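User: I'd like to learn how to read a protein model piece by piece. Could you walk me through this one?

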Amino acid sequence: MKPIIPKQFWLMITAFITTCGALYSFSTYQGAADENEIVEEEVLEEVYEINGPLTLKVVLERIYLDGEVSEETLQETVWAMEDFWAEYDNWQVIDLNEEQIVFQQYIDDISPLLKTNGYFGISNDGVLTIYEGKPTEASKIIQSFFQIDVGKLESHQHEKLKGGIRVVSKDEYVQVLETFKPYSSQKQ
């Protein structure tokens with residue numbers, strides 16, 4: 001008689017245990033089938049009443065490098081929470097209640113407002129500032145940065161700032177800040 005090889009032995013044991021487990025599960029299921037049908041119907045009724053589509057007010061806040069914050073409000077019908085959370089996986093939850101959820105996202109770029117109509121300039125008191133439109137007394141200030149020692153500026157740089165330096169990209173935004181940082185009157 002040929003001895004049983006350990007590999008074959010374990011295979012036979014595994015098959016035996018699996019068969020016993022399947023038979024036990026089947027017999028237990030058959031015995032509790034009537035009871036489970038009643039319980040399942042009650043649970044389904046409760047789930048149906050509770051889990052209909054959920055309508056939420058979704059607020060999306062985008063914060064840009066230049067400090068501008070844009071806000072978009074949507075009405076969302078949520079059928080499956082997994083899908084809803086997956087849709088906003090790049091957003092951070094700021095506020096959540098039964099009627100609304102507020103998400104926030106930091107955008108590594110300048111705002112659309114700045115791209116459309118943003119100008120660096122210098123305020124009357126010598127602060128490097130971004131304006132909506134060309135710098136004038138009436139221009140709206142978008143963001144202020146640091147005090148510039150105007151005495152250190154070359155005259156053409158000062159005139160450029162007074163007239164406004166157009167900014168349409170993140171690279172230009174960073175470049176202007178870096179260009180005028182050495183002229184800051186504050187120790188950094």
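**Reading the folds**

Analyst: Let's begin with a helix packed on strands. Helix H4 (residues 155-163) lies across S5, S6 and S8, and its direction makes about 130 degrees with S5. Keep in mind that this is a predicted model.

User: Then how far does the confidence go: what is the average pLDDT of the protein chain, and what share of residues score at least 70?

Analyst: The average is 78, and 71% of the residues score at least 70. The mean is lowest in helix H1 (residues 6-50), at 48, while strand S4 (residues 100-107) has the highest, at 94. Two stretches deserve a look. Over residues 32-50 the pLDDT is below 50, and this stretch has zero contacts in the model beyond near neighbours in sequence. Residues 1-5 also stay under 50, with one contact beyond four places in sequence.

User: Which pattern does the protein chain follow along the sequence?

Analyst: Reading along the sequence gives α-β-β-α-β-β-α-β-β-β-α-β-α. That amounts to five helices and eight strands.

User: Now the sheets. How do I read the way strands pair?

Analyst: Here's the general idea: strands of a sheet pair through backbone hydrogen bonds, either parallel or antiparallel.

User: Which strands run parallel, and which antiparallel?

Analyst: Take the pairs in turn:
- S1 and S2 run antiparallel, joined by ten bridges. Val-58, for instance, has Leu-74 in S2 as its bridge partner.
- S1 and S4 run parallel, with eight bridges between them. Here Val-59 stands opposite Val-102 in S4.
- S3 and S4 are antiparallel over four bridges, and they form a hairpin with three residues between them.

User: What is the order of strands in the other open sheet, and how do they pair?

Analyst: The order is S7-S6-S5-S8, and the pairing is antiparallel. Its edge strands are strand S7 (140-147) and strand S8 (165-167), each of which pairs on one side only. From one strand to the next, the twist averages 25 degrees. Inside this sheet, strand S5 (residues 118-122) and strand S6 (residues 127-132) are joined by five bridges. Gly-118 stands opposite Glu-132 in S6.

User: Why does Asn-117 count as partly exposed?

Analyst: Asn-117 has a relative accessibility of 31%, and that is why it counts as partly exposed. You'll find Asn-117 in helix H3 (residues 112-117). Leaving out residues up to four places away in sequence, it touches Tyr-131, Glu-132, Gly-133 and Arg-166.

User: Which side chain makes a polar contact with that of Arg-62?

Analyst: That would be the side chain of Glu-72, at 3.0 Å. Arg-62 is in strand S1 (residues 54-64). Its touching residues beyond four places in sequence include Glu-68, Trp-91 and Gln-105.

User: And over the whole protein chain, what share of residues is buried?

Analyst: Buried residues are 29% of the 188. The protein chain exposes about 13500 Å², of which carbon and sulfur atoms supply 55%. As for the contacts between residues at least 6 apart in sequence, 52% join residues at least 24 apart.

Key
Residues are numbered from 1 along each chain as its sequence is written. This is a predicted model: local features need pLDDT of at least 70, side-chain atom pairs count only at pLDDT 80 or more; totals for chains, interfaces and linings use all residues. Side-chain values use heavy atoms; hydrogens and water are left out. pLDDT is the predictor's confidence in each residue, from 0 to 100. Helices (H or I, at least four residues) and strands (E, at least two) are DSSP runs, numbered from the N terminus. Contact means heavy atoms within 4.5 Å. A polar contact is a pair of N or O atoms within 3.5 Å; within protein, one must be able to donate a hydrogen and the other to accept it, and residues adjacent in sequence count only if both atoms are side-chain atoms. Buried means under 20% relative accessible area, exposed over 50%, partly exposed in between (1.4 Å probe, protein chains only). Accessible areas come from the Shrake-Rupley method with a 1.4 Å probe; for residues, only the protein chains shown count as cover. Two strands pair if DSSP finds at least two bridges between them. Axes are lines fitted to C-alpha atoms, for helices over the stretch in contact, and angles run from 0 to 180 degrees between N-to-C directions.
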